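Please look over the sequence and the model shown here before reading on. The paragraphs that follow lead through the chain one part at a time.

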Amino acid sequence: SSANDQKTMVTSRDVLAAIEARFEGYFPEPQKHSEKKVPLFITPFGPSVYRCACGVWFGDPKQPINDEILEKMKKARNVHFQNVYGSDANGYPTAKSSHYSLHRVVQQVLSPKGSFGKATVRNDPMVQAVAAKLVKKAKGNFYIEKVRAKIEEVIDSYLACRKRGMREPGDERGGKTGGSKDIYSFETRAKMEQDLLLDAISA
């Protein structure tokens with residue numbers, strides 16, 4: 001009947017409006033940047049601090065690390081993330097940034113102390129656990145195409161680090177988080193990655 005048709009039309013409009021409202025206001029990541037591969041884990045502590053997935057370098061791994069070098073790298077990285085993702089001043093996702101807390105969530109789900117702490121092969125419960133945490137955190141625009149594929153890629157990159165025997169956040173070699181000497185610190189990540197890059201250069 002026409003009444004039912006009208007009701008269906010109104011309901012459909014309401015759904016579309018709700019969807020549009022959900023997407024409205026997210027930072028528009030430049031298309032050329034969004035076409036690049038999702039940043040993968042270089043070490044279990046995160047993706048590269050030396051280079052963006054788009055190819056922009058923030059520092060030279062051949063330079064000895066000191067406070068001045070670290071500060072320059074961090075500033076260059078944070079400014080780049082603000083420009084391409086709409087991140088906060090520290091390069092982290094916000095409620096409306098175009099990137100989201102995928103790497104931190106993967107670290108939490110795959111924590112050595114958690115139910116996937118010994119896993120070396122990705123499985124579906126792992127992917128579902130990451131997706132559920134992303135929704136719960138609700139930071140950034142994870143309402144994108146192929147988000148499951150991105151989750152799977154990032155999980156695989158973390159597990160590849162685990163297979164190489166790298167220390168992980170929260171394991172007995174990693175210490176505790178919190179404070180200036182936090183295992184997630186920029187300095188820790190830079191030094192671990194620098195060693196890997198210099199080994200690759202000299203190989």
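Two residues are said to be in contact when they have heavy atoms within 4.5 Å of each other. Helices (H or I, at least four residues) and strands (E, at least two) are DSSP runs, numbered from the N terminus. A residue is buried when its relative accessible area is under 20%, exposed when that area is over 50%, and partly exposed in between, with a 1.4 Å probe and protein chains only.

The model is predicted: local features need pLDDT of at least 70, side-chain atom pairs count only at pLDDT 80 or more, and totals for chains, interfaces and linings use all residues. Residues are numbered from 1 along each chain as its sequence is written, and side-chain values use heavy atoms, with hydrogens and water left out.

The protein chain holds seven helices and two strands. Read from the N terminus, the order of these elements is α-α-β-β-α-α-α-α-α. Of the 203 residues in the protein chain, 37% are buried. Taking contacts between residues at least 6 apart in sequence, 67% join residues at least 24 apart.

Glu29 sits between helix H1 (2-23) and helix H2 (31-34). With a relative accessibility of 24%, Glu29 is partly exposed.

Next comes strand S1 (residues 41-43), which includes Thr43. Is Thr43 buried or exposed? Thr43 is buried, at a relative accessible area of 3%. Apart from neighbours within four places in sequence, the residues that Thr43 contacts are Cys161, Met166, Met192, Glu193 and Leu196. Cys161 is itself buried, with a relative accessibility of 3%.

The cysteines come next. A disulfide is a pair of cysteine sulfur atoms within 2.5 Å, and a search of the whole structure finds zero of them. Cys54 is in no disulfide, and the nearest cysteine sulfur, that of Cys52, is 3.5 Å away. Cys54 is partly exposed, at 23% relative accessible area, while Cys52 is buried, at 5% relative accessibility. Cys52 belongs to the loop between S2 and H3.

Two packed helices are described by the angle between their axes and the distance between the axes. Here axes are lines fitted to C-alpha atoms, for helices over the stretch in contact, and angles run from 0 to 180 degrees between N-to-C directions. Helix H3 (residues 67-85) packs with helix H7 (residues 186-202) at an angle of about 100°, and their axes are 11 Å apart. H3 is therefore roughly perpendicular to H7, a term that covers angles of 65 to 115 degrees. On the H3 side the contact is made by Leu70, Met73, Lys74 and Arg77, and on the H7 side by Phe186, Glu187, Arg189 and Ala190.

H7 itself has 17 residues and spans 24 Å from first C-alpha to last, close to the 24 Å expected at 1.5 Å a residue; the expected span is 1.5 Å times one less than the number of residues. Which residues of H7 are buried? They are Phe186, Thr188, Arg189, Ala190, Met192, Glu193 and Gln194. Among the elements that cover them are S1, strand S2 (46-47) and H3. Arg189 has a relative accessible area of 13% and so is buried. The C-alpha atoms of Arg189 and Pro47 are separated by 8.9 Å, with the two residues 142 apart along the chain.

Another enclosed element is helix H4 (residues 102-109). Six of its eight residues are buried, so H4 is largely enclosed by the rest of the structure. Those buried residues are Leu102, His103, Val105, Val106, Gln107 and Val109. They pack against S1, S2, helix H5 (124-137) and helix H6 (147-163).

The last stop is the loop between H6 and H7, where Asp171 lies. Asp171 is buried, at 7% relative accessibility. Its C-alpha is 5.7 Å from that of Pro112, a residue 59 places away along the chain.

Conventions:
Angles under 35 degrees count as roughly parallel, over 145 as roughly antiparallel, 65 to 115 as roughly perpendicular and the rest as oblique.
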